Amino acid sequence: MTMGMKIKSVPEEYRTQYRRDVMFDGYKWDLQAGEQSTISPYVLLFEPDEMTPLIENAIALYNETIAMEQELQKNPQLVLEMGISQEMTGALCNCNPQAHVRFMRFDFHPTTDGWRISEVNSDVPAGYPEASVLPKLARVYFPGYSMCGCFGEVFAKRASLIFPKGSTIAYLHDTHTVEDYQIMRYLGDLLETHGYKSIYVSPEHIKWKDNKAIGLGGIVRYFPVEWLEFAKGVDWRGFVNAKTPSCNHPIALLTQSKRLPLVWDKLNADTTTWKKLLPETKCPSTLSGRTGWILKPAFGRVGQGINIPGTVSEQEEHEICKAANENPAQWVAQKMFDSMPIDKLHINVGMFVIDGEFGGCYARISRTPKIDEDASEIPILVRGF
């Protein structure tokens, strides 16, 4: 299959300026991920006829995911099958989420059989500055190409509808890392231009009274729900039962699990787009052989714990298989697709949808088919869009 995408570099004479702009204006203060620079000179260029179907599919996937989530809330036994604890299952299936902004990121991959998705990041997807600021900085070097949506603009519009004007918004993150802080700082700076105040905190700093976060008009969470449940000093039930507007609400955990495909046929929900784009997924305990299948942890992130052939050591392969054999209820097996590299680089296109509206996109590129923490994040531009 021929793809219309191209990977191009910012012209060499402008790279120093571009790197400086990305660093200071694009919230890329954490400059290195191991040996890999977090600021790449590359840009992914699309033709409009290839981007439009991705947008349409992402919106359809969002709507189907919300429908499955609503069905799961009525079926706690199915929720338990997805690796969620009994205590958290009971809380999520009995909560009544108040007003909240809901966004997801769907990960699309070009393959020899067309576009496929690997997963949805339904709970706390990353990439907000990359889908907002980076394309603005890159487009000046590529005449005829434009941004394709803007996460920040759509997010600010939706947040302004539910967060009380002039209130203080808490941005929850792992306060030990610059990477998480810079992502939250982008959103905080953005909403401050709309008249809000910001505090950057860890979940244990939030105190509750009558299911309201004391002193706060809203909560933006970049801290996974499954971490909340086991974090020391955190009242995770406060977040589940919160009357304070938030994004995302912990209900997102219901569809964050990669075991979602194992139960969707038992739900009264349309999954047509999901079934068209996601490779076949099974519980590892049902496989007769592992050839052609990869293993994934149900709540893995940034490619961790995935045993794509040629991308893990023998020791890692042994540890992954051992963990999946010992506790298959926390793992899935997914049929492996054949990633199609562009200029020897493998691509993951993250498509955001916010409250049902397309919310921008960005790409990650890697020299191996495994898109993990060592991948580079790059902006996407579309010709004449």
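**View 1. Asp-355, partly exposed in a loop.** Asp-355 has a relative accessible area of 26%, so it counts as partly exposed (buried means under 20% relative accessible area, exposed over 50%, partly exposed in between, with a 1.4 Å probe and protein chains only). Asp-355 sits in the loop between β17 and β18 (strands are DSSP runs of E with at least two residues, helices runs of H or I with at least four, both numbered from the N terminus). Its phi is positive, about 50 degrees, although Asp-355 is not a glycine. Keep in mind that this is a predicted model: local features need pLDDT of at least 70, side-chain atom pairs count only at pLDDT 80 or more, and totals for chains, interfaces and linings use all residues. Residues are numbered from 1 along each chain as its sequence is written, and side-chain values use heavy atoms, with hydrogens and water left out.

**View 2. Strand β5, covered on both faces.** Here 9 of the 9 residues of β5 (residues 103-111) are buried, so the strand is largely enclosed by the rest of the structure. In a regular strand, side chains alternate between the two faces of the sheet. On one side of β5 you'll find Phe-103, Arg-105, Asp-107, His-109 and Thr-111, and on the other Met-104, Phe-106, Phe-108 and Pro-110, all buried.

**View 3. The partners of β5 in an open sheet.** The sheet has 5 strands in the order β6-β5-β17-β18-β19, with antiparallel pairing (two strands pair if DSSP finds at least two bridges between them). Its edge strands are β6 and β19 (376-378), each pairing on one side only. Neighbouring strands are turned by 30 degrees against each other on average, direction ignored. Between β5 and β17 (residues 346-354) there are 6 bridges, with Phe-106 opposite Met-351 and Phe-108 opposite Val-349. Between β5 and β6 (residues 114-121) there are 7 bridges, and Pro-110 stands opposite Trp-115. A hairpin through 2 residues links β5 to β6.

**View 4. Two helices lying across the sheet strands.** Helix α2 (residues 48-72) lies across β5, β6, β17 and β18 (357-366), at about 135 degrees to β5. Helix α6 (residues 151-162) lies across β5, β17 and β18, at about 145 degrees to β18. Contact means heavy atoms within 4.5 Å; axes are lines fitted to C-alpha atoms, for helices over the stretch in contact, and angles run from 0 to 180 degrees between N-to-C directions.

View 5. The peptide bond from Cys-247 to Asn-248 is cis, with omega near -20 degrees. Asn-211 has a positive phi near 65 degrees.
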